[in-house]
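Please take a first walk through this structure. Keep the sequence beside the coordinates as you read.

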Amino acid sequence: MAHANAHAVKRYSGIMDWLTTVDHKKIGILYLIAGGFFFLVGGLEAILIRVQLWAPQNDFVGADTYNELLTMHGTTMIFLAAMPLLFALMNAVVPLQIGARDVAFPFVNSLGFWTFLFGGVLLNISWLTGHVPDAGWTSYAPLAGTTYSTTHGVDYYVLGLQIAGIGTLVGGINFLVTIINMRAPGMTFMRMPLFTWTAFITSALILFAFPALTVGLAALMFDRLFEGNFFDPAAGGNAVLWEHIFWIFGHPEVYILILPAFGIISEVVSTFSRKRLFGYSSMVFATILIGFLGFMVWAHHMFTTGLGPVANALFSIATMLIAVPTGIKIFNWLFTMWGGSIKFTAANLFAVGFIPTFVMGGVTGVMLAAAPADFQYHDSYFVVAHFHYVIVGGLVLGIFAGLHYWWPKMFGRVLSESLGKWTFWTFFIGFHLTFFVQHFLGLMGMPRRIWQYLDGLGFNEMNMISTVGAFLMGLGTIFFLINVVVTSVKPKNAANDPWEDGRTLEWTIPSPPPEYNFAQTPLVRGYDAYWKEKMDGHKGMTPAEPIGPIHMPSPSILPFFMGVGLFIAGFGFMYSPDWGDVGFMKTGHLVGAIGLLITLGCMLLRSMIDDHGFHIEEEEILKDQGGKA
Amino acid sequence: MSAHTHADGHLPHEPEKATLEGRNKVLGFWLFLGGETVLFGTLFAAFLALRHQILDGPHPNHLFDLGLVALATGILLTSSLTSVFAIQAMHQQRTKSLINWLIITVILGAAFLALEIYEFSHYIHEGHKFNTSAFSTSFYTLVGFHGAHVAFGICWITLLIIQLSRKGLTVVTAPKVYVAGMYWHFIDVVWVFIFTVVYLMGKVG
């Protein structure tokens with residue numbers, strides 16, 4: 001078929017391909033590499049923290065360095081490791097699960113990655129300049145104000161997160177539109193795989209939570225760089241306002257993190273039990289309810305701030321309510337496994353290990369939700385144990401399950417099962433060793449965020465156990481890295497459906513999928529679309545269209561430079577007090593303006609130059625399929 | 001089909017929704033405005049929390065000149081009306097009329113912005129600076145964020161006018177105009193709240 005407007009588009013290879021790609025599968029891999037790198041950085045920081053706490057009155061690192069490690073560990077793990085790793089899986093899987101050829105806004109998808117990366121790099125460059133954020137990942141005012149944080153440390157936090165946050169926000173909008181508008185024929189909302197559902201709700205939470213962080217960070221930036229008075233009580237500002245703004249974002253943020261993990265667990269447990277997910281509709285309902293309630297509970301982080309008994313009681317009850325939909329999910333996973341023919345692959349081990357671990361984190365969550373009891377737990381290691389149980393025991397186990405499960409789909413190679421099991425057992429045992437004892441350390445009165453503790457308080461043994469556990473988790477991560485390297489040199493021979501029990505659309509296409517994902521858009525006839533076809537005796541999906549040319553978006557280098565521009569701008573504004581003047585303006589402001597002009601210029605180019613994309617012709621598609629029609 | 005013109009040479013009735021790309025853009029922009037609502041909601045919350053912390057600065061009752069602000073409000077509301085006329089012209093495929101209405105919208109937006117800049121410089125003269133008090137910081141941040149949105153909108157619509165005159169009205173340019181119109185209405189709605197919460201409440205409270 002000849003196209004009047006078929007445009008010649010340059011298709012890059014090598015490094016330029018990765019810098020310019022708008023393909024969601026490649027962007028997923030970029031997110032995985034960058035998020036994995038920051039996960040290692042954050043993990044290293046965690047190990048240094050544990051080494052410092054290994055013995056009473058240890059002086060392995062100084063108190064200042066400890067504060068920096070603590071702050072950067074939390075910030076890096078939440079914003080630069082956990083979120084990108086989730087975006088990696090969402091990018092790699094969601095379009096495939098709904099039978100789409102790409103996301104709704106491929107260009108914006110690439111923009112989201114590059115702004116996240118440059119924001120993350122800006123934040124971590126602080127280690128090289130020696131001004132590291134040290135006010136905790138929550139950066140409470142007035143500690144984070146200029147009175148108490150005199151270096152550029154918190155500036156890195158404010159600007160790095162602001163830039164990375166843009167990436168997350170546009171990514172969230174992208175997935176919402178993709179899931180609403182790009183589903184294959186027959187893929188109704190109530191037929192969507194649960195991972196897609198959780199990605200959908202998480203994206204909605206991102207959309208409504210991140211702008212609050214944007215404002216909070218902007219306000220803190222104005223206070224720090226332009227002598228604003230938002231959070232400075234001496235000038236009429238209000239430090240508690242920061243706490244509210246931060247947690248109005250921050251509490252939905254933890255559901256942004258955990259919901260996709262729930263989705264991954266649902267897929268993995270169902271596949272390896274060879275059973276339909278038990279209570280699918282109640283799972284969907286519970287996900288929506290958790291997302292909704294997630295916005296109503298922020299003040300449970302502030303029980304001891306002094307909001308009064310009425311506010312505390314309301315937020316306490318709202319928090320406890322979340323246990324109900326979460327409990328529904330736990331029982332649904334158990335009932336899915338009940339009577340199934342369960343295969344304990346590495347992916348399924350992580351998923352099954354997740355369930356009791358997350359229950360433990362949930363139980364301590366309900367304990368913390370009781371406001372009077374929280375006055376005792378607050379700022380103790382009990383809280384540290386709780387949130388590591390839900391974030392590491394929940395989210396990170398979920399990510400590992402997802403990576404082992406979808407690795408063949410992303411890379412065309414199945415990860416080694418035995419190394420995967422080594423990863424699981426070392427990481428899982430190490431995790432519980434590290435954090436289980438911290439509950440008791442907290443109950444015994446060990447405060448969090450402290451650099452040293454005294455001998456003779458009964459903290460010594462448990463801290464040592466905790467440190468040993470941290471090393472074991474590090475070992476587990478190393479096993480995973482070895483697995484990745486070992487697997488990458490094996491032949492690329494994963495089958496379309498390497499687990500043989502695949503239930504959803506991503507398993508109907510090659511591993512890794514061709515650039516256009518689906519040669520023919522599939523017709524979806526029910527929930528667990530592929531499984532339904534299998535049960536009806538069909539080999540694959542019924543196509544919803546004949547084979548024809550496929551329209552693809554053009555690659556573009558602009559998103560990369562938009563990220564670079566914001567990075568330069570962040571640097572310029574941050575150092576404007578130090579760099580002196582050039583002519584009538586500050587050097588820093590000039591650099592900042594140049595950076596913003598680069599970004600705005602790229603936006604201008606993007607708007608002015610129409611992207612007609614290009615077509616992958618029928619012959620090429622047929623060739624990919626091995627010549628058969 | 002990715003054809004940029006309709007088969008018979010005419011545009012479909014709602015050219016902004018004629019392609020999947022266009023529909024994605026419109027939906028994505030609605031969602032973006034949802035996020036913007038939270039953004040301004042947070043700014044309003046911060047302003048409401050801090051608006052009584054005036055310290056030694058001038059009181060809003062003395063500071064605000066409702067006549068000037070009412071004029072600015074009238075101008076911005078009118079610009080919203082003209083942007084509606086622009087979208088109507090687009091639906092009737094009268095490109096020339098569309099461009100003219102957009103130009104009027106931009107001029108009205110620029111007039112609003114000029115009044116705001118005059119207003120701010122007047123306030124600074126009166127001793128109401130960004131770092132005077134928590135009230136002044138939150139005032140300039142909230143109203144300034146809105147002003148920055150207006151300025152961005154002016155640049156954006158100007159860019160679209162240039163594109164329309166060069167490329168004409170197509171299924172590629174139509175969604176751009178449509179979402180710019182949505183953006184302009186959003187800015188207008190935010191201003192209605194600013195007028196009420198900042199200026200009217202500042203006069204009485």
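The paragraphs below go from the whole complex to its details.

This is a predicted model: local features need pLDDT of at least 70, side-chain atom pairs count only at pLDDT 80 or more, and totals for chains, interfaces and linings use all residues. Residues are numbered from 1 along each chain as its sequence is written, while chains are lettered from A and ligands numbered from 1 in the order in which they are written.

Begin with confidence. The predictor gives the complex an ipTM of 0.94 and a pTM of 0.95. Chain B has an average pLDDT of 93, and 96% of its residues score at least 70. Here pLDDT is the predictor's confidence in each residue, from 0 to 100. In residues 1-7 of chain B the pLDDT falls below 50. Beyond near neighbours in sequence, that stretch has 11 contacts in the model. Where pLDDT is low, the predicted coordinates should not be read in detail.

Now look at the fold of chain B. Chain B has six helices and zero strands. Helices (H or I, at least four residues) and strands (E, at least two) are DSSP runs, numbered from the N terminus. In sequence order the pattern of chain B is α-α-α-α-α-α. The C-alpha trace of chain B spans about 70 × 30 × 25 Å along its principal axes.

Next, see where the chains meet. Chain A brings 34 residues to the contact, and chain B brings 33 residues. Two residues are in contact if their C-beta atoms, placed from the backbone, lie within 7 Å. On the side of chain A that touches chain B, the elements giving two or more residues are α5 (153-181), α6 (194-225), α7 (239-273) and α18 (587-608) of chain A. The most comes from α6(A), with eight residues. By class, this side of chain A has 21 nonpolar, 11 polar and two charged residues. Ala, Val, Leu, Ile, Met, Phe, Trp, Tyr, Cys and Pro count as nonpolar, Asp, Glu, Lys and Arg as charged, and the others, Gly among them, as polar.

Chain A itself is divided into domain 1 (21-556 + 611-624) and domain 2 (560-610). These bounds come from an automatic or database domain assignment. Taken over C-alpha atoms, the centres of the two domains of chain A are 31 Å apart. Their contact takes 14 residues from domain 1 of chain A and 11 residues from domain 2 of chain A. On the domain 1 side, α4 (106-129) and α5 of chain A each give two or more residues. The largest share of that side, seven residues, is from α4(A).

Turn to one helix pair. The axes of α5(A) and α17 (residues 558-575) of chain A come within 10 Å and cross at roughly 155 degrees. The two helices are therefore roughly antiparallel, a label for angles over 145 degrees. Axes are lines fitted to C-alpha atoms, for helices over the stretch in contact, and angles run from 0 to 180 degrees between N-to-C directions. Where do they touch? D155(A), L159(A) and I163(A) in α5(A) meet L566(A), F567(A), G570(A), F573(A) and M574(A) in α17(A). This contact has six nonpolar, one polar and one charged residues.

Finally, check the backbone. Most residues other than glycine have a negative phi, and most peptide bonds are trans. The bond from A141(A) to P142(A) is cis, with omega near 0 degrees. P142(A) sits in the loop between α4 and α5 of chain A. Another cis peptide bond joins S511(A) and P512(A), with omega about -10 degrees. R449(A) has a positive phi, near 65 degrees.

Technical notes: Angles under 35 degrees count as roughly parallel, over 145 as roughly antiparallel, 65 to 115 as roughly perpendicular and the rest as oblique.
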